Amino acid sequence: MEKIINLILFLILYFLSIPFRILPYQIAQKLGYFITIFFFKIIKKYKKIIYTNLEHAFPNKEKEFYENIYKKNLEHIGKLLADTFLKTRMKEKWFRKKMIYDESSTLTEKEIENKLKNNEPVILISGHLGTWENLAQYLGFRFFPKTGIIYKSIRNPYVDRWFYKLRSITGAKLFRMEDSLSAIKFLQEGNLLGIAPDQNAGGAGIMIEFLNRPASTYKGPALIAYTSNSHVYFVAMLYEKSGKMRLIYEYIGRITEEIKKNKIKNELIEEWTRKWVNTLEKYVKLYPEQYFFVHQRWKTTPEIMKKFEEEKLKKRGIIKN
């Protein structure tokens, strides 16, 4: 029965994608916005989630501030919906027309390119800011054939296979989260690995302050950086009012052998996790309308995390039931 339901959902999604693949880009984005408005009117809990997250992230603001960001956030989600289904168009020529290149991003890309030529591993950490789907497509051809992307599998196997094919269309090598060892090996061979790890990590994470609240955060990016001795950059692809897109890069650093000598591993993992979270937070504050405030980033509270930790200790026999 589950297989039939998954197939039906996949077919609905596939046929929904057809007009997006046919229409001009800006019209496809408007269609995405109308679908988003319709969806939010039917399922009203998501409006509450966005408002709650905004009120925590930007406390003591006027009502008009939240209303303005909320409206722009829906427009942004509409664009993301269009981008999700437009991947077959997103080849190098398409990006050349849609991108704005400034001096800073051009120089940083050249810097990354030189590191890859010298077989120095590079990690690009992003988040659900701007158009992360387009960013993954762009990196595929920009640093081809040295681009790898870690992604989270979709539960529906039909949709997962479909999106796997779409996401790899520009040449990126895809690694599922559970296949992190292969991703690390690829990275250590002198390649680039893109990660967007700003989701709720549940009991697998560590609590890091993000937009005025503790959030369970994946240790994976910092662990991979520690293991691979990679250069770590933050990256995001943002929408411009002109309808085009532009890149922002920021160098976070590298965990060298000298740094490892002077600090305990766990301390370094927490420190470097906080580094990329703080960088993401800085840009979310600059572009709040382009952050995906609808996701439950803060679902795991410190109280819930404490219960997770107690369960781990019970399983190891350190504390008794």
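Let me start with the surroundings of H128, which, leaving aside residues up to four places away in sequence, touches A196, D198, Q199, Q290, Y291, F292 and H295. Please keep in mind throughout that this is a predicted model.

As for where H128 sits, you will find this residue in the loop between β2, residues 122-125, and α7, residues 132-142. Its relative accessibility is 9%, and because buried means under 20%, H128 counts as buried.

Of the residues that H128 touches, I would like to pick out D198. H128 and D198 are 70 residues apart in sequence, while in space their C-alpha atoms are 6.9 Å apart. The side chains of H128 and D198 are joined by a polar contact of 2.6 Å.

Let me turn to H295, which belongs to the loop between α12, residues 265-286, and α13, residues 302-315. Is H295 buried or exposed? With a relative accessibility of 13%, H295 counts as buried.

Finally, let us move to the surface, where M1, I4, I5, I8, L9 and I12 form a nonpolar patch whose accessible area comes to about 630 Å² together. One of these residues, I8, is found in helix α1, which covers residues 2-22, and I8 is partly exposed, with a relative accessible area of 47%.

Note on methods. Residues are numbered from 1 along each chain as its sequence is written. This is a predicted model: local features need pLDDT of at least 70, side-chain atom pairs count only at pLDDT 80 or more; totals for chains, interfaces and linings use all residues. Side-chain values use heavy atoms; hydrogens and water are left out. Helices (H or I, at least four residues) and strands (E, at least two) are DSSP runs, numbered from the N terminus. Buried means under 20% relative accessible area, exposed over 50%, partly exposed in between (1.4 Å probe, protein chains only). Contact means heavy atoms within 4.5 Å. A polar contact is a pair of N or O atoms within 3.5 Å; within protein, one must be able to donate a hydrogen and the other to accept it, and residues adjacent in sequence count only if both atoms are side-chain atoms. Patches are made of residues with over 30% relative accessible area and no salt bridge: like charges are joined within 9 Å, nonpolar side chains (Val, Leu, Ile, Met, Phe, Trp, Tyr) within 5 Å. Accessible areas come from the Shrake-Rupley method with a 1.4 Å probe; for residues, only the protein chains shown count as cover. A salt bridge is a side-chain nitrogen of Lys or Arg within 4 Å of a carboxyl oxygen of Asp or Glu.
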